[in-house]
Amino acid sequence: MMATEEQVWGSLDGVLVPGAMRSITKMNLVRGVAVSDHKVKVSLASTALYAGAKDWLKSKVEEVIKGLSGTNQVETEFVEAKPAEVNEIKHVVAVMSGKGGVGKSLVSSLLALSLARQDLDAGILDGDITGPSIPKMFGMTVRPTGSDSGIMPVSTKTGIEMMSINLFLPHEDDAVIWRGPLIGKAITQFWEEVLWGKLDYLIVDLPPGTADAPLTVLQSLPVSGVVIVFSPQELAAMVVRKAVQMCQQMRIPIIGVVENMSYLVLPDSGKRLEIFGKSKGEEMAKAADAPLLGQLPIDPELARLCDDGGLELYNSPLVTDLGRAFVKAASERGRKDPKPLYPGTREK
Ligand SMILES: Nc1ncnc2c1ncn2[C@@H]1O[C@H](COP(=O)(O)OP(=O)(O)OP(=O)(O)O)[C@@H](O)[C@H]1O
Ligand SMILES: [Mg+2]
């Protein structure tokens, strides 16, 4: 008895892409499976695979398929494909703030983490080219691999796919001194030339503010919606309104708002202290006409984990709640078939 196509696909599910923590099927590299009399033919996209990775995959694929009963001949062929032809990303969500330092990168990371904990496939694109901070929070220092046809993202300990300019710098503290057009180019490259594979959500951490850089991202990527982060010390609804206006002009829906550094829990009494002033959660949600997805406290443990690169160890019901609220709002409010506005940007 020959193996069925389904069995072949099933065994390919177990073949991991070298350097990544995900399988060739999750990376969407399997372009075709054909089963005939005695032979199984598998066609793989060679996207972002360096020569050694291709060799390794070929022998691994042949090994697992020969393990199926009745199959002794396996042929693996590689076909060229651009990442944009392979990537299948359901929701691209940008995380934005009116001003810097309110915890945008932290919220982006926690969103990705909450998605991974819900068994969803999540990636983070660090769109902050001059002040990248995402890899540090996850303790990621490995260099991405790749080939002429694309770049492979790195996988975090819990399997979140990540791409950041920081992963390419000789020392992670090196400053990136680039002008606007180059920054825009780096961001579009992270979109077009990275093999993200199949993702439920790609979270894009935008640079602070509502100036050029975040605008480029919102224009060049098919963003299905935006999450706005603020803290209670911000100048009331004004800053958020500016961000809201920008989204409205671009017809990008606001999925929700998140208040960071909302309060501090006193260790002895468990009492909540609103040290940056009264929460603006409801007010901001109203200004954005979007749900309040969560209110995060100032948590010394969170700060420590960010510094130590151990964010994935953060265990708080707040992450679960944030993730649930986010997924619900994203599916209800996100654009279903977004197109980038930027002409010349490859669509997928
Ligand atoms: N709720 C919090 N509790 C404890 N520490 C926090 C909290 N939010 C942020 N921080 C600390 O503040 C630092 C800066 O946060 P983050 O990098 O997320 O801000 P940002 O808005 O992305 O900044 P930028 O505008 O520079 O991109 C974090 O590394 C973390 O140490
Ligand atoms: Mg940031």
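This passage describes the predicted model of one protein chain and its ligand.

Residues are numbered from 1 along each chain as its sequence is written, while chains are lettered from A and ligands numbered from 1 in the order in which they are written. Because the model is predicted, local features need pLDDT of at least 70 and side-chain atom pairs count only at pLDDT 80 or more, whereas totals for chains, interfaces and linings use all residues.

Confidence is expressed as pLDDT, the predictor's confidence in each residue, from 0 to 100. The protein chain averages 89. A score of at least 70 is reached by 95% of the residues. Residues 343-348 stay under 50. For that stretch the model has 10 contacts beyond four places in sequence. Two residues are in contact if their C-beta atoms, placed from the backbone, lie within 7 Å. Where pLDDT is low, the predicted coordinates should not be read in detail.

The protein chain is divided into domain 1 (5-81) and domain 2 (85-333). These bounds come from an automatic or database domain assignment. The C-alpha centres of the two domains lie 34 Å apart.

Ligand 1 is surrounded by 20 residues. A residue is near a molecule or strand if its C-beta atom, placed from the backbone, lies within 6 Å of it. The closest residues are Gly100, Lys104, Ser105, Leu106 and Pro208. The elements that give two or more residues to this shell are α4 and α10 (300-308). By class, the shell divides into 9 nonpolar, 8 polar and 3 charged residues.

Lys104 belongs to helix α4 (residues 104-117). Helices (H or I, at least four residues) and strands (E, at least two) are DSSP runs, numbered from the N terminus. Lys104 is buried, with 26 other C-beta atoms within 10 Å. A residue is buried if 20 or more other C-beta atoms lie within 10 Å of its own, exposed if 12 or fewer, and partly exposed in between, with C-beta atoms placed from the backbone. Beyond residues up to four places away in sequence, Lys104 touches Val95, Ser97, Asp205, Pro208 and Val229. Lys104 and Leu305 are 201 residues apart in sequence, yet their C-alpha atoms are 16 Å apart in space.

Helix α4 as a whole has 14 residues. From first C-alpha to last, α4 reaches 20 Å, close to the 20 Å expected at 1.5 Å a residue. The expected span of a helix is 1.5 Å times one less than its number of residues. Of the 14 residues of α4, 13 are buried, so the helix is largely enclosed by the rest of the structure.

Just after α4, Asp119 takes a positive phi of about 65°. Asp119 lies in the loop between α4 and β5 (122-126). Asp119 is exposed, with 9 other C-beta atoms within 10 Å. Asp289 is exposed, with 11 other C-beta atoms within 10 Å.

Helix α11 (residues 317-333) has 17 residues that should span 24 Å at 1.5 Å a residue. Its end C-alpha atoms are 24 Å apart, which agrees. Leu322, Gly323, Phe326, Val327, Ala329 and Ala330 are buried in α11. The buried residues of α11 pack against β4 (88-97), α4, β11 (225-230), β12 (254-259) and β15 (292-295).

Ile187 sits in helix α6 (residues 180-192). Ile187 counts as buried, with 25 C-beta neighbours inside 10 Å. Outside four places in sequence, Ile187 is in contact with Gly127, Ile129, Thr216, Val217 and Ser220. Ile187 and Thr216 are 29 residues apart in sequence and 8.3 Å apart in space, C-alpha to C-alpha.

Ser69 is placed in the loop between α2 (51-66) and β3 (73-79). Ser69 counts as exposed, with 9 C-beta neighbours inside 10 Å. Setting aside residues up to four places away in sequence, Ser69 touches Met1 and Ala3. Ser69 and Ala3 are 66 residues apart along the chain, and their C-alpha atoms are separated by 6.3 Å.

Conventions:
Nonpolar A, V, L, I, M, F, W, Y, C, P; charged D, E, K, R; others polar.
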